There are 2 protein chains.
Amino acid sequence: MINKLVEKIKKTEAPIVVGLDPMMKFIPEHITKKAFSECGETLEGAAEAIFAYNKEIIDNIYDLIPAVKPQIAMYEQFGIPGLVAFKKTVDYCKEKDLVVIGDIKRGDIGSTSEAYAVGHLGKVLVGSKSYYGFDEDFVTVNPYLGSDGVNPFIKVCKEENKGIFVLVKTSNPSSGEFQDQKLSEKDNRPLYEIVGEQVAKWGEDCMGDDYSYVGAVVGATYPEMGKILRKVMPKSYILVPGYGAQGGKGADLVHFFNEDGLGAIVNSSRGIIAAYQQEKYSSFSPVDFAKASRAAVIDMREDIKGALS
Amino acid sequence: MINKLVEKIKKTEAPIVVGLDPMMKFIPEHITKKAFSECGETLEGAAEAIFAYNKEIIDNIYDLIPAVKPQIAMYEQFGIPGLVAFKKTVDYCKEKDLVVIGDIKRGDIGSTSEAYAVGHLGKVLVGSKSYYGFDEDFVTVNPYLGSDGVNPFIKVCKEENKGIFVLVKTSNPSSGEFQDQKLSEKDNRPLYEIVGEQVAKWGEDCMGDDYSYVGAVVGATYPEMGKILRKVMPKSYILVPGYGAQGGKGADLVHFFNEDGLGAIVNSSRGIIAAYQQEKYSSFSPVDFAKASRAAVIDMREDIKGALS
């Protein structure tokens, strides 16, 4: 799957992943109105609105981008109906041949991590049959529990030819609280660097053609750290959140890429999916929200191209 | 909710939480057979079997224990039908007046953590109405992303009078890989201790009568660390996994409790729910599996009582 991701990035010339993180306040009124008139102001109504919103965005941008990253929390908050909308979104994106990165940030001890891995990337056994639960192509994984929390994901990745992105340095303001702590037995290097080293190790024995199935998450908001981490994990794809709304700029992104122009994929969520609410795209009416998203994808692609050239 | 948990622990004289972490291999054949005959060997069939299994266990032990801890991964692996069984389990346990700790180990950046908090502990807004998604009483939270990942949970806890347990030192063998790293700017104390300090701080401004709404997870498999963490977080309830199947013994548990005999709640999962598969309870036939669970709860209660007296 890492090979497919790299292929699609080359083909689209867009190292971009669009974060499908719908919030009710992003969804244009004509969509919520229709959903509520059909299902009422219920969890089902919210889920209906979310999927209709996602679908129109995907229909308008799928040819420009290699991948999407639905954030499961934004669906999970609407309980079971929300998770049904998550699953429908995953399936619809796969129909459109997009690579789907489930942003689930799961991580637990052995047998429990195995259950998450099986449920999101692999097949679960029921009697004599087996089924895919959510069936994303990649998922994000939290490393706090160490190797026996991550290895079950790697095992399933090998079986299913899928991949993971491990949280190394996250984009949020307080990410340094624990991640930046200097480790006395590691030459005072910060925790995130040691996690990065471990990502490189985990990735060694599950390589695609040029990059590993085991990637990393490093926030665009910390470009200097990205520079170091790029070297620590040369064969790991870096998923870079924090571009746009969180403050990361195109110029900051250079450090996350390798000299081959590959090695990183940059996420934008509300910057794309709620583009029509921004001053810059105010010429698009709410009815044309997905066209605004398309324009925002093109602008982002050019911004990154400019920064890398 | 922390007050209710403490009250129920006092009343039952059992600082025990039963981990409802069903695996297909635990479920007696007569239950899976019935479920598969009704729903086929499908995800729905697995979910049906899981709920029937849980229900019979709960019916046989609810009067002895204060709380249950369903591990969501074990349900999530069966996709949407699995999560429906999770929700049914949560609801059924609450009907039986058990405190429900959702073992979800979520954690993300600001607005995303807020979505998890709202979905699992609070109410989500849909138009002019609001709904509970999963509605557990407590959830477990991963601290790797720092304060702005945890604060949204605390906010919802205050609004809803609920609580969280933050992962501090987990019970698994490789938990030390990152959690035990010594921090040079913190007098060479290990990361888990600094996380524990932060748990105490987070908990300060959301206190119940004697204990905080913000608790911690510390594995029974590391009793010496538990001893230190008990002092670092005097007002935090400690949720202690790793008793029984993972190797933690009653005698190891003393350090996790305060002098008032409170302050800790010990989890056992397969040791209780799959008791009938153990040599010790082999006098119970698979049909009487839930009676074996009841016997195992009583033995565990006495084991802990003995250790604490």
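A:Arg294 comes out as partly exposed, at 26% relative accessibility (buried is under 20% relative accessible area, exposed over 50%, partly exposed in between, with a 1.4 Å probe and protein chains only). Its side chain meets that of A:Asp63 in a salt bridge, 2.9 Å from N to O (the rule: a side-chain nitrogen of Lys or Arg within 4 Å of a carboxyl oxygen of Asp or Glu). Keep in mind that this is a predicted model: local features need pLDDT of at least 70, side-chain atom pairs count only at pLDDT 80 or more, and totals for chains, interfaces and linings use all residues. Residues are numbered from 1 along each chain as its sequence is written, chains are lettered from A in the order in which they are written, and side-chain values use heavy atoms, with hydrogens and water left out.

**Salt bridges within a chain**
- In chain B, B:Asp288 bridges to B:Lys291, with the closest N and O atoms 3.6 Å apart.
- A:Glu13, A:Arg301, A:Glu302 and A:Lys305 are joined in a salt-bridge network.
- Over all chains, the search turns up 54 salt bridges.

**The interface of chains A and B**
- Here 75 residues of chain B are in contact with 75 residues of chain A (contact means heavy atoms within 4.5 Å).
- The two chains bury about 6,100 Å² between them, 60% of it on carbon and sulfur atoms (accessible area, 1.4 Å probe, lost on putting the two parts together, summed over both).
- B:Glu41, B:Tyr144 and B:Phe178 supply 15% of the area that chain B buries against chain A, more than any other three residues.
- The rule finds 6 salt bridges across this interface; A:Arg106 forms a salt bridge with B:Glu76, at 3.0 Å between the closest N and O atoms.

**Nonpolar core**
- In the largest nonpolar core, with 236 residues, A:Ile164 and B:Ile164 touch the most other members (a core is a set of buried Ala, Val, Leu, Ile, Met, Phe, Trp, Tyr and Cys residues joined through side-chain atoms within 4.5 Å).
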